Amino acid sequence: MKVCLMKNEYVMKGISIILFLVVFGASCDKKDSSVRPACLEEATIKDLRSLDGCDFAFELKDGTRLIPERRVYIQAPKKEDDPIYYFQMNDGEKVTISY
């Protein structure tokens, strides 16, 4: 009888683990990385190179400045993988962005 109880205990633990993994896996937010968000925020490019350690920034209508991420690549990426890598920034240029 004791062997039968131990076997049932292992079966119940196994079922519990499988159920947990199924519920946990189904609850994860799966984001489609191939869909880019729409560029809805209007911004102006500001040349901040005269300030110490700065480069170009996007300035929103409310005055908030966003510094674009500049990645270092050994080989240039595809344009669709990193569009900002190929973007030529000019002071005062109006753009629409998403962040």
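**Ground rules.** I am working from a predicted model, where local features need pLDDT of at least 70, side-chain atom pairs count only at pLDDT 80 or more, and totals for chains, interfaces and linings use all residues. Residues are numbered from 1 along each chain as its sequence is written, and side-chain values use heavy atoms, with hydrogens and water left out.

**Sheet.** Strands here are DSSP runs (E, at least two residues), and helices are runs of H or I with at least four, both numbered from the N terminus. Pairing needs at least two DSSP bridges between two strands. As a reminder to myself, strands of a sheet pair through backbone hydrogen bonds, either parallel or antiparallel.

**S2 and its neighbours.** I looked up S1 with S2 and found an antiparallel pair over 5 bridges, in which Ala43 stands opposite Leu60 of S2. On the other pairing I looked up, S2 and S3 are antiparallel over 2 bridges, and Phe58 has Leu66 in S3 as its bridge partner. The hairpin of S2 and S3 has 4 residues between the strands, and Gly63 takes a positive phi near 95° there.

**Cover on S2.** Is S2 mostly covered or mostly open? Mostly covered: 5 of its 5 residues are buried, buried being under 20% relative accessible area, exposed over 50%, and partly exposed in between (1.4 Å probe, protein chains only). I noted that in a regular strand the side chains alternate between the two faces of the sheet. For S2, Phe56, Phe58 and Leu60 sit on one side, Ala57 and Glu59 on the other, and all are buried.

**Glu59.** This residue lies in strand S2 (residues 56-60). Which residues does Glu59 touch, not counting those up to four places away in sequence? I get Ala43, Thr44, Lys46, Thr64 and Arg65, with contact meaning heavy atoms within 4.5 Å. The side chains of Glu59 and Arg65 meet in a salt bridge at 3.0 Å, N to O; the rule is a side-chain nitrogen of Lys or Arg within 4 Å of a carboxyl oxygen of Asp or Glu. Lys46 joins Glu59 and Arg65 in a network of salt bridges. Arg65 itself is partly exposed, at 44% relative accessibility.

**Other salt bridges.** The count comes to 4 salt bridges. One of them is Glu42 with Lys61, closest N and O atoms 3.3 Å apart. Glu42 is in strand S1 (residues 41-47) and Lys61 in the loop between S2 and S3, so this pair ties together parts 19 residues apart in sequence. I have Glu42 as partly exposed at 46% and Lys61 as exposed at 71%. Asp47 and Arg49 also meet, at 2.9 Å, N to O, and Asp47 is partly exposed at 28%.

**Surface patch.** Last, I checked a nonpolar patch of about 280 Å², made by Val11, Met12 and Ile15. Patch residues have over 30% relative accessible area and no salt bridge; like charges are joined within 9 Å, nonpolar side chains (Val, Leu, Ile, Met, Phe, Trp, Tyr) within 5 Å. Areas come from the Shrake-Rupley method with a 1.4 Å probe, and for residues only the protein chains shown count as cover. Ile15 is in helix H1 (residues 2-27) and is partly exposed, at 48% relative accessibility.
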